[in-house]
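Hi,

Here is the structure I promised to pass on.

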Amino acid sequence: MAETAPIVTPKLDKPASDPPPPDFPIVGIGASAGGIAAFEAFFSTMPVDNVPGMAFVLVQHLSRDHKSILSDLVRRYTKMEVFEVEDGIVVKPNCAYIIPPNRDMSLGGGALHLLEPTLARGIRLPIDFFFRSLAQEQHDRAICIILSGTGSDGTLGARAVKGEGGMVMAQTPESTEYDGMPRSAIATGIVDFVLPPSEMPAHLLAYVGRAFGTRILPVSPQSPNPADGLDKIFALVRAQTGHDFSQYKRSTIIRRVERRMAVHQIDRIEAYIRYLQLTRPEVDALFRDFLIGVTNFFRDPEIFETLQTLVIPKFFNSKAANQTIRVWVPGCSTGEEAYSIAMLLRERMEALKEVFKVQIFATDIDREALDHARAGVYPSSIIADVSPERLSHFFEQDLPDGSAYRVHKTIRDMLIFSEHDLIKDPPFSKLDLISCRNLLIYMGPELQKKLMPLFHYALNPDGALLLGSSESVGDSTNLFATLDRRGKIYQRKPDSAGPHRLSVASLFPRPPAIDTARQSARGGTADLKISLHEITVRTILDHYAPVGALVNERGDILYLLGRTGSYLEPSPGEASMNIFRMAREGLRSDLTIALHRAASVGITSRHPGLQVKNNGYVSTVKLTVIPVPTDAEGAIPRGLFLVILETESVLPKRSSEVALAAADGAAASASLDLNDYIIRLKQELRGKDEHLQTVIEELESSNEELRSAHEEMQSVNEEMQSTNEELETSKEELQSVNEELATVNSELQAKVLDLSRSNNDMKNLLSGTGIGTIFVDHQLRILRFTPTVSSLINLIESDVGRPVDQIRSTLRGYDNLAADSKEVLSNLIPKELEVQANTGAWYLLRTRPYCTLENVIEGVVITFTDCTALKNAQKALQDSKNHRRLAVVVRDSRDAVLVQDLTGRILAWNPGAVAMYGWTEAEALSKNIRDIMPEDDRESAIAAVRELCEAGLLAPKVQNRVAKGGQTLPVSIISSALVNDAGALYAIATTERAVAN
């Protein structure tokens, strides 16, 4: 059965006698983000004409300066009285109570107590805080409801309520605004109802009416014996799951069964048994209810610290590096305690810087819990139980949002999780440690007695047993010695008692048995089964040895020697093998004194002349108690004593003494009888005094131990209370920060979205402008660049982080990029220059400091702006200027200036040509040079043009031209070839002047 942790509640100052807890159910409702809508849906469907017969306590996450509107909201939908809680307000049925801002709240003595948070700001879990106090105060009358909210507040409190037999409801995640809290509770498997808030009131009222209207067990009058119904339930559970709960405590089982019957609205035990027979899932649900487990990492830190310092080092000191350390954790539930022990062992190995093989067998009968344990994934709330060092060393985040942690593989590999029934399955063996905490408290006394020898068998010599704070080894002190009383840590004693009895032969040295073949040769002893030495010892003991008993320090008889009927007899009532209870009259008081003296002082104690009554006769007995010494090897255990009883014989008097006695006569007989009587009274009085003194010493010793134990328990209680308050505070702080982080996260998401848009805009802007940009840091290492710059400087993504002077560029005659960047960084003066790429394109190179919004220089920005068009425009402008100057010369010249292409088409015609030939410029531009030549001279003129094309130079020559009026004019022509930048001829310019006839 999975272990269940005790519920720890806040320590409150109460009167000396607390009032009884309320006898009506109290419903705790917890919510966080999105809780207002859930509260509204819940109370709006609460029947207004039906008195619920219960109280409602609403706990919500509120900031310290937030004014709650919850009271006004609840009043709209219910006729119940609604109060904002004041410290000490008594809880009454049919009322609703609202937690005020900036307060923690707990339930105690039927009243609500407000506590100021210990930290002005931080993490708080007020819902868990209240639910835990509700569970301890109300037990099975506790009901908790978890509504919308972030985080996991309320989950631990719900476990506490369920562990006390209460009922748990949770909102369906689909109906919440924030599903963190409901999902966390549902994931534990302890929630009874998962409903939308609007459907919860009907189920709640039905459950309360069934569960608290009348008690369900004992069963109906037709079956007056409740054991009959429970036995049938045990049989059904055993048939389906294979596990037997008949030896568990009936009170716990009855509470679980009653709760399941109330959930399903079943009144009679016979009806529920029938329901179990027809509904197999309900058998599994009941089985899981039997297995409610509440556990956490390093629960009771002081105990784990003691385990780490007192017990674990012994494992490693007594083993070589190649030996295996074996640990068994029965009832491991979801594995937190097993993993905690594994971490302690790993830390010890790391401290020793040695590697040992470790096997930790973690077992349970709950398959779902074992699956969870094997996965090793736990919610982020474990940070309240695991130190930051262990969290970083032994865990890794399982989800990106940090809401879960997974145990590291090195720790998981140390554990073996297995389904194992402690009652029926054989135990593991050769173990160094068994950790069985808070499991025995659910088992009956007989089952507990059965398990102690089983643990003793499973452990190695000097192995350790760790039990829960409310458990002990009971009557099995002959099997286990106490190592730490507060921590409930025990050490295995050597085999000496119980089923392992010391034989008579073990008290004497046994020589080797005589060879039977040789005896056969001598005759008569061929069939001997034991040695002749043992035969001799038995014969002597039967006829001459005194009667004796081997006992432990508590008087438990381990072995009897001889016939003890004259001294010991079975006591009436329950059978017992305790020598004090079996001692006959006249022997018990001296036997108690003698054994106590032998145990406390360690010496032989002798008491002669005891008057022991036996069947109406009185015999004189000599009592001797001898401590049994131990040997160096430890084969003989400590704490054994040999009690020897001998009957003292009265020596016969001589004849002279008889005559003297007769002479004295009857006168002296009366005096002798009186003296004997006085002597016997004095002896008895002395014995009573010694016995009384022994009892007083034992009582004082017991009182001292009880006083010490009481002080230790008070100290433990205070320390646990302090630890609990610290943990609760830490959890509350975490929840508060978690909610703040949720708000900040939303804001950050909006900012990230804006930043993403800005980055996209900037990327498109840079890409759209076509400006190549390089960002470098103080060390001139490239931080990032735009794709455009890759055509100028050979950059790829892997070049980020490289110095800029190691990058080759395609610029002509420019390699001062690094030097110019250093210069700008040193004087903070931007620098500009024009550079040309190998492709012929021109770029404006600007180098300027990279300045943040805070006006901090963090590097240099290098930009390349394409200025090829500008350069071409500048060149064209310059050419245009040159052409304008030439045009002025041509325009103002009195000579005719003509330009013709290679085909003879006239391209230019100056005013001098207009004056000479009479054609206007427009008319001339539409003509070919042939049109102004006489037909007879055209071929020679064309030949001259060809000559010019081939030679590029034509000497002055006189040719005839035809004017507009038709007259022929002789002119002197000077021709020039026009060539472009590539040196190719594209036109011919002629200067023509009229020649006088």
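A quick definition before anything else: pLDDT is the predictor's confidence in each residue, on a scale from 0 to 100. You'll want it because this is a predicted model, and where pLDDT is low, the predicted coordinates should not be read in detail.

On that scale the protein chain averages 79, with 83% of the residues scoring at least 70. Confidence is highest in strand 8 (residues 142–146), at a mean of 94, and lowest in helix 17 (residues 516–522), at 38. Two stretches to treat with care: pLDDT stays under 50 over residues 1–17, although the model has 58 contacts beyond four places in sequence for them. It also stays under 50 over residues 651–663, and there the model has 1 such contact.

Seven strands make an open sheet with parallel pairing, in the order 3-5-2-1-8-9-10. Strand 3 (81–84) and strand 10 (193–195) are at the edges with a single partner strand each, so one side of each has no neighbour in the sheet. From one strand to the next, the twist averages 20 degrees. At the strand 3 end, 4 bridges join strand 3 to strand 5 (residues 95–98), running parallel, and V82 sits opposite A96 in strand 5. Helix 2 (residues 70–77) lies across strand 2 (55–60), strand 3 and strand 5, and runs at about 175 degrees to strand 3.

There is also an open sheet of 3 strands, this one antiparallel, in the order 13-15-14. Its edges are strand 13 (377–379) and strand 14 (395–397), each with a single partner strand, so one side of each is left without a neighbour in the sheet. Neighbouring strands here are turned by 35 degrees against each other on average, direction ignored. Strand 13 pairs with strand 15 (residues 404–407) over 3 bridges in the antiparallel sense, with Y378 opposite Y405.

Helix 11 (residues 301–317) is worth a look on your screen. Its 17 residues reach 24 Å from the first C-alpha to the last, close to the 24 Å expected at 1.5 Å a residue. Even so, helix 11 has a kink of about 40 degrees centred on Q308. The buried residues of helix 11 include I303, F304, L307, V311, F315 and F316. Among the elements covering them are strand 11 (324–330), helix 12 (336–352) and strand 18 (459–467).

Further along, how many residues of strand 26 (residues 772–776) are buried? It turns out to be 5 of the 5, so strand 26 is largely enclosed by the rest of the structure. Both of its faces are covered, with G772, I774 and V776 buried on one side and T773 and F775 on the other. Strand 26 pairs antiparallel with strand 30 (residues 857–866) over 5 bridges, where T773 stands opposite T863. It also pairs antiparallel with strand 27 (residues 782–785) over 3 bridges, and there the bridge partner of I774 is F785. Strands 26 and 27 form a hairpin with 5 residues between them, and L780 in the turn has a positive phi of about 60 degrees.

Q836 stands opposite W842. This hairpin has 5 residues between its strands, and G840 in the turn has a positive phi of about 95 degrees.

Cheers

Notes: Residues are numbered from 1 along each chain as its sequence is written. This is a predicted model: local features need pLDDT of at least 70, side-chain atom pairs count only at pLDDT 80 or more; totals for chains, interfaces and linings use all residues. Side-chain values use heavy atoms; hydrogens and water are left out. Two strands pair if DSSP finds at least two bridges between them. Helices (H or I, at least four residues) and strands (E, at least two) are DSSP runs, numbered from the N terminus. The expected span of a helix is 1.5 Å times one less than its number of residues. The bend at a residue is the angle between axes fitted to the seven residues ending there and the seven starting there. Buried means under 20% relative accessible area, exposed over 50%, partly exposed in between (1.4 Å probe, protein chains only). Contact means heavy atoms within 4.5 Å. Axes are lines fitted to C-alpha atoms, for helices over the stretch in contact, and angles run from 0 to 180 degrees between N-to-C directions.
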